[in-house]
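Hi,

Here is the structure I promised to pass on.

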Amino acid sequence: MVSLPPDLRAHLYFDGAWNDISRSLRATAPVTFTRGLTSESASEASPMGAECVLDNRSNDYSPRNPRSRLKGKIGRNTPIRLGYRVGSPWVNLPGTNGNEITTPTNAAYNVTDVDLRLDLALDDWATGQGIAARYTASGNNRSWGVYLAGTGQIAFVWSPTGTSTTITQFSTVPVIAYNGQRLTLHITLDVDNGASGYELRFYTGRTVDDEEWELLGDPIVGVGTTAVFAASSGVEFGDFLGLVVAGMTGKAFALKLMSGILGTAVLAMTTADAAPGAASFTSNGAVWTTTTGATLTNHHIRMAGEVPAWPPSRDLTGNDRTVTLAPAGVTRRMDAGNKPIDSAMLRFLKTRSPIECWPLTDGEQTGTAGKSLLGGSDMRTTMSLGTDIPEWGSGTLADWIEPVVTLKGETAGVIAGGVPNSAAAAAFWSVDFLYKSEAPGNAGVFEIRDRGAGTDADNVVFFTLSLDTVDNDITIFRASRGDTSSSSSLLTSVTDVGIYDGNMHHIRFSVDPGVSSSVWTIYVDGVQKATGTVASIVVKAVRSVSYSWSLLSGGGISGGDQQLGYVTYWDGTGPTAAQVYDAATGHQGERAGARIERLAAESGYTASVAGMSEYQTRLGIQRRRKLLELLNEASRSNVGYLLDRRDAPEVIHRGHSTLWNQPPAITLDFKAGLISSPFKPDDGDKLTENDVSVRREGGQVPSRQILDEGALSVQDPPDGVGRYDQEHTYSLYEDSQAAQLAYLRLHLGTYDGVRYARITLDLANSRVHQMIDAILRADCGDKIRLTGLPDDHGPDDVDVLINGYTEEAGPTAWKITFNCTPAEPWTALVIGSTTYARIDTAGCELAEVLDTTETGVDVLTTALYRWVDSATYPTDFPFDVKTGGEVMRVTACTGTTLAQTFTVVRGVNGVRIEHPTGQDIRLANPVYIPL
């Protein structure tokens, strides 16, 4: 058994640094960690949490005690890190050039075709940094190098001659990984593809020994063959010193260089061969040396969070004082209070830099003036004879935007505001506003006045946008005025503008002053509607804007209400009209990962996402909700996990595309004594959903998908299990997405297999402890494979996904319990794969009774398409099928009709039994069509 307690480590952040307080951890009290979903049926992860007890006899951890040495240095939400020093080390790299590990040159490293594999974890997968190289400029010894571009793309650099004449190619898509995520980059370069060119491929995987890799973007085919120079340089990992780029920030675990593509290893380094703190180590015959700043460590941070409170405790004597801490991840603070965040529009404006902005979202008791978002002058109503005060706080542009001002029917008035002088706006400016009106109604006029002096030598220029609900147009005039003269002209009339329909619309007017004339442009709902030139006039920056309304009945037309909001003035560095309209409409169609990252950034947090953008769900309107609620909404709609990052105060999201077809993170053999009690299968109906309705929030009729046939169908037993109906609502861009998610929910809810909701491992068990590196790496969404299960559990291996876990490390126990859900439903079809390319039958049954010895099996397909026959498709054999709990390996198949005969190897999974005619027979390892 492993000695207890393990080497627990604790650090507090104060005085601008992380301070080791491990000696203060009470050895008699366990440290616990919780992460992810608390049960198999939970839909959202709880904030990451921990609990530990600190010895406080010194009073240091009493921030309100005036005698505490840490008074004023610690307090509410002080950052904390908790973890262990255990297992194999890795190279910790601080991001400074020259901080790396290196190994001397070897002629064996001079390969013709490149097959390079790098196991690493970057703190930021979107920041440029050097990764690895065999590349020395001195002596013209440039061979190859790898770096991450600031775009997140992987770059591979090589020289055919060793000189500065090099070739650089980038992966066609970026690596989409969350910050701190560990993965393996696999790069292959075929210098002669047999078609007078070369081919470069980028892949990602879990380990350097993976057999199946995920292609990163498209293969890059170059014109003409190439070569990789046989250099005399050594190999570096953690930097690319031959290129001006920052060093790697993160962790390095393993490197493999093969003799050719899928060849044998000529260089195979793993830090598992090193000792923590060592300056050098030997791995598979090569000596590796750390340079200054690069360190070998096995300090696992199991949670990086904040301490919300420091509750003191003492025994009856008062001499033994402790403080029990319950730190949590940053998502706990995101969920504090009950106030929804600002609308997408208001958040957008606050994170940009307008010259002036009046949201006009002031409350009912505002009076005559709307406040500036930037603290500038108010936008005031004109209190002249015959004018009215607008109705504040009652206008609804859209239900996801704060209430704005209403210009009531049967009233007339003017609201105006002056803007700050801006030198930048003299070169280009735009004015935006959001507007809502229903026909009938009378015109409103939006006026923009420039900073002209109003003299004959320096005319003041006015632009007016007349909004006419009767004629369904916007008419734009230009007027100029001096001491003794004035002029005006009609610039355009935008007809059939379609903004008087009772919905919110965005209008922008822009001016680009030239040397002798100025160009104007009008946009409606982010789209350019008209543009033209104001001849012989150079328009200046804006002085003031105003809106006048007259909604009085007349001519048989009754006056209707109008709503006005978000009057904003920009210079040329402001966002586009399309970007403003996108924010105003709640970022509809935004990908889930992009929304999570943006929402976090707007609130001062860091979030990062794993999962290719094109596979992420496009979301509906961003509504006014609490920050964590919006983040979880995006994560749920993307059928993924939203979590606190384990080793930094950040948020990570793992999308559904990362869950399909994973290699197992941990393989647990029950017969080897690796799984602790309690361990029991659950074959109940807790997760069953066979009648699923999914509604798009704000959508119309939900999509309903029903399983009509099969063991878990809505049919009454014994033909099914009866009806289990569920309805779900998601943030979705289009109603068609509801059907996709309904099919997925039905698929997950009708998995016909044994479930293992809890798996407990005793980390102090020496057999389990040998797997400590893999166990501590495993996280939510990773796969566990269970093998060697008892006969009464079923004969087959079972895969589960980790939903979350609880972990306890103390003087008497060190255990981790994973909360799990079935993983088999996450096996997806991959065209061209050697493992995942075979589609299951839609219906097939045994056409005879089978005894325990027969190897010729007659089958009858009850669906439309038969099985492949071995005469026509010989390369598609063998494959495994399953019937009645027995797995058989089909080595041949005869017959080209629905009635066919398999030649099989019986009892592949150790089960060899009799089977009745009519029994269902299917692929043993089916795949599914993913989202």
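Predicted model: local features only at pLDDT ≥ 70, side-chain atom pairs only at ≥ 80, totals over all residues.

Let's start with charges: E807 and R302 join their side chains in a salt bridge, 2.8 Å from N to O (a salt bridge being a side-chain nitrogen of Lys or Arg within 4 Å of a carboxyl oxygen of Asp or Glu). E807 belongs to strand 49 (residues 798-809) and R302 to strand 21 (residues 295-307), so this pair ties together parts that are 505 residues apart in sequence. Helices (H or I, at least four residues) and strands (E, at least two) are DSSP runs, numbered from the N terminus. E807 and R302 are both buried, where buried means under 20% relative accessible area, exposed over 50%, and partly exposed in between (1.4 Å probe, protein chains only).

Residues are numbered from 1 along each chain as its sequence is written, and side-chain values use heavy atoms, with hydrogens and water left out.

Back to the salt bridges: the structure has 54 of them. Another one pairs E40 with R755 at 3.0 Å, N to O. Here E40 sits in the loop between strand 3 (31-36) and strand 4 (46-55), and R755 in the loop between helix 6 (736-749) and strand 47 (758-762), so parts that are 715 residues apart in sequence get tied together. E40 and R755 are both buried. E633 and R625 also meet in a salt bridge, at 2.4 Å from N to O, and both are buried too. Through shared partners, salt bridges join D399, R623, R625, E629, E633 and E697 into one network.

On to the rings. There are 25 aromatic pairs, counted when ring centres of Phe, Tyr and Trp (its six-membered ring) lie within 6.5 Å; planes under 30 degrees apart count as stacked, over 60 as edge-to-face and the rest as tilted. One of these is F446 with Y547, a tilted pair with 6.3 Å centre to centre and 45° between the planes. F446 is in strand 31 (residues 444-450) and Y547 in strand 38 (residues 542-550), so the pair ties together parts 101 residues apart in sequence. Both F446 and Y547 are buried. W867 and F879 have ring centres 5.7 Å apart and planes at 10°, so they are stacked. Ring pairs also link Y135, Y147, F170 and F240 into a cluster.

Cheers
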